[in-house]
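Colleague: I would like to go through this model with you, from the overall fold down to single residues. Please give the cut-offs as we go.

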Amino acid sequence: MKFLVTGAAGFIGFHLCRQLLHRGGEVVGFDNLNPYYDPKLKEARLALLAAHSGFDFMRGDLENSTALASAFAREPFDAVIHLAAQAGVRYSIDHPRDYIQSNVVGFLNVLEECRRRSVRHLLYASSSSVYGLNARSPSLVSDNVDHPVSLYAATKKANELMAHSYSHLYRLPTTGLRFFTVYGPWGRPDMAYFSFTQAILARRPIKVFNHGELWRDFTFIDDIVEGVVRLVDQIPKPDAHWNPNTPNPATSSAPYRIYNIGNNQAVKLTEFIAALAKVLGVPAKLELCPMQAGDVHVTCADIEDLSRAVGFTPSTPLATGLEQFVGWYRDYFGEAMNAPCTT
């Protein structure tokens, strides 16, 4: 199969491209290598992908409709997997326009190209952050997600609504993927577990917000990728049981679906830090702080729909995932591993 993967130089995009290539697929990667975090890490990921004969890369911005059209023109793709976005919850508080341009305007351009070229299946990254003030745990894909607490979350909710409109108007099959706190080798330096590692190794206190009363559904990268790959062939069809009087937000009378991909287990942040410190072999020092703006108390994925659809349940134990991350971290940063990453 032939794939277009946007955000190919990113954390999830890199791992997904590598898995698709290992399975014999051909991949065109699209990314702008923006400096939100150190582009050298993105370049190192791309260097590994470039070793595969089935990988081709194009650098460009999602907001540039001409550049994106050129990427789509390279092949008649069997599936488009859209992972590119301006990431980060707290960064969106001070840089809102970046999120509208990349996550909304950019996604519109992706939808338009998929419509014009009658793409067989568009899969796109949403986020657990869309659940916002919804207090139900675990979070169901059928839950209401109308109360985001960050602009980043709002743009991801907007993506789901935009995708539905194209599924309804043009019968474009779309699948939204709500990822839950992804971690693992080649991860993003702006993620909390990355900064925790740096702080522990440097013997600095870790700022733990909401005085440690936070829980996250930490999901290992291999489980995320396996879920995405299995969903590629699950092309959405209209839900024959969808009722407009009691509408299920995760399905539709259009070819549209939403799935959670998470570990289905909330771990208290202080317990996660303790597990990380154990793998590193260095004790962690904690500085308990008030809640941050844009944060939520708990994330936990209900994955029944995913399991029913593709027969897969993420299950990598936290200790196993952390051992793989720490092993990569030490190898990648070497002598400089105690120094903070450039962001």
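Colleague: How many helices and strands are there in the protein chain?
Modeller: This is a predicted model, in which local features need pLDDT of at least 70 and side-chain atom pairs count only at pLDDT 80 or more, while totals for chains, interfaces and linings use all residues. Residues are numbered from 1 along each chain as its sequence is written, and side-chain values use heavy atoms, with hydrogens and water left out. Helices (H or I, at least four residues) and strands (E, at least two) are DSSP runs, numbered from the N terminus. Counted in this way, the protein chain has 11 helices and 13 strands.

Colleague: What is the mean pLDDT of the protein chain, and over which residues does pLDDT stay under 50?
Modeller: pLDDT is the predictor's confidence in each residue, from 0 to 100; its mean for the protein chain is 93, and 97% of the residues reach 70 or more. Where pLDDT is low, the predicted coordinates should not be read in detail.

Colleague: What radius of gyration does the protein chain have, and why does it agree with a compact globule?
Modeller: The radius is taken over C-alpha atoms, and the globule rule is 2.2 Å times the number of residues to the power 0.38. Along its principal axes the C-alpha trace spans about 55 × 50 × 40 Å. Because the rule gives a value near 20 Å for 343 residues, the radius of the chain agrees with it, at 19 Å.

Colleague: Which residues have the most contacts inside the largest nonpolar core?
Modeller: Buried means under 20% relative accessible area, exposed over 50%, and partly exposed in between, with a 1.4 Å probe and protein chains only; buried residues make up 54% of the 343 in the chain. A nonpolar core is a set of buried Ala, Val, Leu, Ile, Met, Phe, Trp, Tyr and Cys residues joined through side-chain atoms within 4.5 Å. The largest one has 101 residues, and those with the most contacts inside it are Val5, Leu16, Ile81 and Phe179.

Colleague: What covers the buried residues of helix 7?
Modeller: Helix 7, residues 192-201, has 8 of its 10 residues buried, among them Tyr193, Phe194 and Phe196. Just after this helix, arginine 203 takes a positive phi of about 60°. The covering elements include helix 1 (11-22), strand 7 (182-183), strand 8 (205-208), helix 9 (269-280) and helix 11 (318-333).

Colleague: Is tyrosine 183 buried or exposed?
Modeller: Tyrosine 183 is placed in strand 7, and beyond four places in sequence its contacts include Phe11, Tyr193, Phe218 and Leu322. Its C-alpha atom is separated by 6.8 Å from that of phenylalanine 218, 35 residues apart along the chain. With a relative accessible area of 1%, tyrosine 183 is buried.

Colleague: How far apart are the end C-alpha atoms of helix 8?
Modeller: Helix 8 covers residues 221-232, and 10 of its 12 residues are buried, including Asp223 and Glu226. The expected span of a helix is 1.5 Å times one less than its number of residues. The rule therefore gives 16 Å for helix 8, and this agrees with its end C-alpha atoms, which are apart by 17 Å.

Note on methods: Contact means heavy atoms within 4.5 Å.
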